[in-house]
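Please keep the structure open while reading.

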Amino acid sequence: MTAKIKVIRTTSEKKNHRMAVAFALPAAAFSLLLIIYPLFTTIKLSFQDVKFIGSLTDDTAGFTIANYTKLFSNADFWRALGRSLIFTFSALSISFLIGLVLALLLNKKFHCQKLVRTLILLAWPIPGVIVGLLFIWLFDGNYGIINTILKSLHIIDQNVKWLSAGNTAMVTVIIATIWKSYPFFTLTLLAGLKGISEDYYEAASIDGANAWQRFTNITLPALQSVIVTSLLLNGLWIFRNYDLIYTITGGGPNQATETLPLLLYNQAFKYYNMGYASTIGMVSLLVCSIFVVLAMPSLKKQFY
């Protein structure tokens, strides 16, 4: 009787599994089509000397590695890659630290907790273009509120032309990106903190552990998978960020804030070098893949 029930259960489970696969297959096929076809087209174009004018597949010269040779010998590409890495590391590390501190504070009970949590997370759903316009107003060299605040605190004597100089323009876009990014860390880390049992902290307190020891020996290890995942996702978003930088500086002044996404955009839609732009896209994909590969050991350790 027991064996018969097991056979029926196994048959039912197989039937349910086949039904689940049947329902998921169309969506999976459509998703793969949306990913594979553009990727294949980009790879193909990266080996062709294709202009935007006319058909994208028109190329009488055939396949060539000239785009890659030109790219790796181009100083503008290496400078854009360096800016992208500096921009990503600076914005990612600072926004993570801010998000971690705020998550720890929001994990405590206090009055108006829900209101404060809502206000802190408010920046996350705002589109990048709107954030860019907001920071253009804040950092305006003549009428910006940032200059007004700094002068009132006697930190500066005259207005700073934030968006007219290379160093200050990069600082501006980094600050804007931090403001846009930290709520994601706050939200994900706060969710991770909610999953840690208070029993661990109580036991550690009984053993004489102080706040820093509880944080380093309980909180951080428990949040490892959340930290790695959030750093990976937000790092990829920041590295590929285009709309916010383009809105604030357009890549200027004098290419001081031209990161890889902006270099790609300019080559594709300003100079109409679709083949060369596709090559930049493939290199950007390679850099993002390196980020993913570096994060995989930590993720596997947590999930397997």
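Does Gln255 count as buried, exposed or partly exposed? Gln255 counts as partly exposed, because its relative accessibility is 34%; buried means under 20% relative accessible area, exposed over 50%, and partly exposed in between, with a 1.4 Å probe and protein chains only. This is a predicted model, in which local features need pLDDT of at least 70 and side-chain atom pairs count only at pLDDT 80 or more, while totals for chains, interfaces and linings use all residues. Residues are numbered from 1 along each chain as its sequence is written, and side-chain values use heavy atoms, with hydrogens and water left out.

The protein chain contains 13 helices and 0 strands. Helices (H or I, at least four residues) and strands (E, at least two) are DSSP runs, numbered from the N terminus. Of the 304 residues in the protein chain, 38% are buried. Among contacts with a separation of 6 or more, 67% join residues 24 or more positions apart; contact means heavy atoms within 4.5 Å.

Gln255 belongs to the loop between α11 and α12, and its phi is positive, about 65°, although it is not a glycine. Asn254 is in the loop between α11 and α12 and also is a residue other than glycine with a positive phi, near 55°. Asn254 counts as exposed because its relative accessibility is 77%. Pro253 is found in this loop between α11 and α12, and the peptide bond from Gly252 to Pro253 is cis, with omega near -5°. For background, most residues other than glycine have a negative phi, and most peptide bonds are trans.

Next comes helix α12, residues 260-269. Since 7 of its 10 residues are buried, α12 is largely enclosed by the rest of the structure. The buried residues are Leu260, Pro261, Leu262, Leu263, Asn266, Gln267 and Ala268.

Helix α12 packs with α3. Two packed helices are described by the angle between their axes and the distance between the axes. Axes are lines fitted to C-alpha atoms, for helices over the stretch in contact, and angles run from 0 to 180 degrees between N-to-C directions. For α3 and α12 the angle is about 140° and the axes are 8 Å apart. That makes α3 oblique to α12, given that angles under 35 degrees count as roughly parallel, over 145 as roughly antiparallel, 65 to 115 as roughly perpendicular and the rest as oblique. From α3, Asp76, Phe77, Ala80, Leu81 and Ser84 meet Leu260, Pro261 and Leu263 of α12. These contact residues divide into 6 nonpolar, 1 polar and 1 charged; Ala, Val, Leu, Ile, Met, Phe, Trp, Tyr, Cys and Pro count as nonpolar, Asp, Glu, Lys and Arg as charged, and the others, Gly among them, as polar.

Helix α3 (residues 75-106) also meets helix α10 (residues 224-239), where the axes come within 9 Å and cross at roughly 140°. That makes α3 oblique to α10. The contact involves Ser84, Leu85, Phe87, Thr88, Ala91, Leu92 and Phe96 of α3, together with Ile227, Leu231, Asn234, Gly235, Ile238 and Phe239 of α10. Here the division is 9 nonpolar, 4 polar and no charged.

Asn241 sits in the loop between α10 and α11. With a relative accessible area of 3%, Asn241 is buried. Not counting residues up to four places away in sequence, Asn241 touches Phe87, Thr259, Pro261 and Leu262.

Phe87 leads on to the largest nonpolar core, which has 39 residues; Phe87, Phe135 and Leu189 have the most contacts inside it. A nonpolar core is a set of buried Ala, Val, Leu, Ile, Met, Phe, Trp, Tyr and Cys residues joined through side-chain atoms within 4.5 Å. The helices that each supply at least two residues of this core are α3, α5 (128-138), α7 (166-194), α8 (198-206), α9 (211-222), α10 and α11 (243-248). The largest share, 10 residues, comes from α7. Leaving aside neighbours within four places in sequence, Leu189 is in contact with Phe96, Gly99, Leu100, Ala103, Leu223, Val226 and Ile227. Another core lies apart from this one and has 16 residues, among them Phe77, Tyr276, Val283 and Val287.
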